[in-house]
Amino acid sequence: MGLLSLGTPMTWDDAKKHSDFIHGHGITQFLNVWDKVSKTKKDSNGLLWGDEIEYSVVNIDKDNKVARLSLNAAGVLADLQEDELLEENYEASWKPEYAKYMIEGTPGFPYGSKLSDLLKVEDNMKLRRKLIREKLGKNDIVVSITAFPTLGAPDFLYPNHFHPNPDPKLISLSPEILKNLNADPNYENHLTLEEILNNMKPSFSQSLFIPDQAITDHARFPTLTANIRQRRGSKVAINLPIYRDNLTPQPFKEPLPESIASIVERKQQQSTKISLPDAILPSKENHVYLDCMCFGMGCSCLQVTFQASDIQDARYIYDALAPITPILLALTAGAPAYKGYLVDTDCRWNVISGSVDDRNPIERGLREAKPGETKENGEPFQRINKSRYDSIDSYLSVGPDYTSPSFQSSSKSPKASNDYFKEKYNDIKLTYDESIYQNLIHHNIDELLAKHIAHLFIREPLVIFNELLIQDDENSTDHFENIQSTNWQTLRFKPPPPNSEIGWRIEFRSMEVQLTDFANAAFSIFLLLLTRTIKALNLNFYIPISKIDENMQVAQVRDAARTKKFWFRRHILPVQKEGIADNEEEIDSYELMTIDQIINGFKDEKGTFPGLLCLICEYLSKSRIEKETLEQLNRYINFISKRASGELVTDAVWIRDFITHHKDYQHDSKVHSSIVYDL
């Protein structure tokens with residue numbers, strides 16, 4: 001989830017006054033690290049890597065056949081962390097996640113660089129699940145599911161005595177209803193005792209559906225929730241298209257949730273039943289409305305982080321993996337249902353992107369700034385194209401060889417043999433902080449990396465702890481990580497921590513968590529093998545960034561892995577090896593391919609596209625690898641091949657089919673509690 005510091009968090013009104021301070025010291029901290037590590041190089045034979053899995057704890061009520069997300073996970077996490085602290089050579093590490101029903105688990109030690117070390121991945125994932133199970137209460141189970149199908153529906157949480165308590169004046173009620181509410185001088189006299197007590201402790205999220213008790217208690221999480229909402233100027237709003245089945249109402253209109261039904265219906269003297277889209281402005285017909293951070297950050301994912309030998313190596317892998325992010329999003333799709341309804345999408349990505357979108361209306365391009373409407377420091381608000389949780393906005397290129405003794409920023413360094421980058425690939429306008437960019441340039445950092453960092457720093461710090469405001473910039477990167485860790489992009493380019501031997505890293509962040517340990521291991525191992533293959537065969541995956549953005553949207557379409565095509569580079573091997581004419585337009589061509597074609601390869605009138613798995617197998621054939629290890633790795637490779645071909649379906653397709661073929665499903669898009677229990 002990012003930087004987890006302890007202390008007293010500032011409210012947004014206080015935090016925004018310290019934005020420039022955090023930015024200034026964050027860049028100073030980055031530059032201090034840069035001066036120490038930009039020229040360092042690690043042995044490429046000893047590079048480590050690891051994975052991160054987010055689990056959910058679910059309470060199973062066997063008597064009533066109801067499955068609920070369990071807040072007991074907080075106690076389980078505390079017990080696991082105590083074991084981690086006390087036991088020597090403990091093989092797992094545990095951290096809190098955004099939601100109190102979640103547990104984040106990673107290996108206790110990074111995986112090694114040998115191919116035989118890959119066989120430890122699934123075993124460690126199984127061990128983590130076993131360790132969680134040993135701490136669970138009698139009726140709790142642990143699952144790795146992307147989106148719990150009834151998150152935010154009535155009675156989705158255990159214990160089930162918590163209820164949302166939104167302030168009616170902060171939830172975007174329709175003007176007519178809000179007018180009636182404000183016109184009633186005796187409004188508070190109509191409130192029940194429970195409503196009065198709830199209003200005495202204001203909600204961080206102001207959600208109509210999810211109580212704040214679902215948020216982890218660590219101060220970072222409720223503060224993030226409140227400050228995103230306050231900086232944005234309204235609650236977040238996500239509308240997912242409803243999955244239209246035979247008996248889905250036309251038009252589909254969600255009913256009012258209990259949290260506001262009594263308030264709205266008291267004020268409306270009419271016989272017609274009021275729906276959610278009638279009462280709440282952002283809610284749309286034929287859509288499922290989600291209104292808080294927990295709908296996104298309460299989903300689970302699978303992330304993988306790789307060490308690189310030096311900064312050039314890290315930048316090469318970062319750029320090469322960028323076009324892979326939407327492909328693996330589609331292949332790992334696992335979120336076909338939200339809030340008790342089937343939706344017409346399969347992935348969490350746009351939900352989580354919208355759930356932390358703190359851009360105000362000016363930054364979203366909804367209106368122009370009013371006179372005097374500026375940032376705290378007097379600078380104008382800029383138009384920002386994306387949420388701070390989204391796909392990357394620019395490639396980095398391999399960049400200069402900073403490790404060379406003769407390197408000088410003013411000289412034109414010769415391009416590395418694997419530097420395939422061309423300016424035309426960064427084809428979307430990049431918003432960045434000009435003063436920070438100039439500061440980095442003056443520090444001899446190249447243009448592309450300087451713009452990348454300055455782009456991250458257009459975001460304001462969302463959580464600042466009073467006690468940690470003053471830092472030792474030589475030995476801390478907390479202020480840098482404050483910004484870096486809340487830019488939740490498909491890839492994260494990670495500088496080394498101060499005073500460590502860790503090195504430069506790349507975090508791959510687009511995948512959805514899988515239902516089984518085998519599948520999570522397969523995708524993690526596939527990614528590691530792909531990075532090795534990219535380097536060994538000098539592969540080139542560059543396509544325009546705008547095409548990656550298109551692919552990210554296509555990846556979330558229902559059953560995209562089997563039914564959609566994605567932009568991908570046609571010539572991915574070095575030009576000499578492909579034997580094509582020296583024609584830049586042909587060399588750099590990209591086209592629409594199915595995921596089966598991208599992963600498994602194909603032939604057409606233009607020639608042969610090898611497919612990523614074919615190239616991985618070529619890499620393995622040239623590696624020193626024992627027969628038994630290769631046989632075990634082939635299990636994972638075959639799984640990826642079959643998932644890509646459609647022979648094996650994604651978790652999203654499997655879950656959707658389970659729901660739609662369940663005896664209690666009424667073909668009306670509703671996911672009843674008995675279905676979730678059986679799932």
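Me: Helices (H or I, at least four residues) and strands (E, at least two) are DSSP runs, numbered from the N terminus. On that basis, where is the place of Pro159?
Reply: Pro159 is placed in the loop between strand S6 (157-158) and helix H5 (175-183). Residues are numbered from 1 along each chain as its sequence is written, and side-chain values use heavy atoms, with hydrogens and water left out. This is a predicted model, in which local features need pLDDT of at least 70 and side-chain atom pairs count only at pLDDT 80 or more, while totals for chains, interfaces and linings use all residues.

Me: And the peptide bond from Tyr158 to Pro159, cis or trans?
Reply: That bond is cis, with omega near -5°. The peptide bond from Gln250 to Pro251 is cis, with omega near -5°, and Pro251 lies in the loop between strand S7 (238-241) and helix H8 (258-267).

Me: What about the phi of Ser172, positive or negative?
Reply: Ser172, which is not a glycine, has a positive phi of about 60°, and this residue is found in the loop between S6 and H5. For context, most residues other than glycine have a negative phi, and most peptide bonds are trans.

Me: Switching topic: which domains does the assignment give?
Reply: The assignment, which is automatic or from a database, gives domain 1 (9-130 + 296-406 + 415-645) and domain 2 (164-295). Taken over C-alpha atoms, their centres are 33 Å apart.

Me: How much area do domain 1 and domain 2 bury between them?
Reply: About 3500 Å² is buried between them, 62% of it on carbon and sulfur atoms, where buried area is the accessible area (1.4 Å probe) that two parts lose on being put together, summed over both. Trp12, Tyr98 and Lys339 supply 23% of the area that domain 1 buries against domain 2, more than any other three residues.

Me: How many salt bridges does the rule find across that interface?
Reply: The rule, which asks for a side-chain nitrogen of Lys or Arg within 4 Å of a carboxyl oxygen of Asp or Glu, finds six across the interface of domain 1 and domain 2.

Me: Last one: how many aromatic pairs does the structure hold?
Reply: There are 30, counting rings of Phe, Tyr and Trp (its six-membered ring) with centres within 6.5 Å; planes under 30 degrees apart are stacked, over 60 edge-to-face and the rest tilted. Trp49 and Tyr111 have ring centres 4.8 Å apart and planes at 50°, so the pair is tilted.
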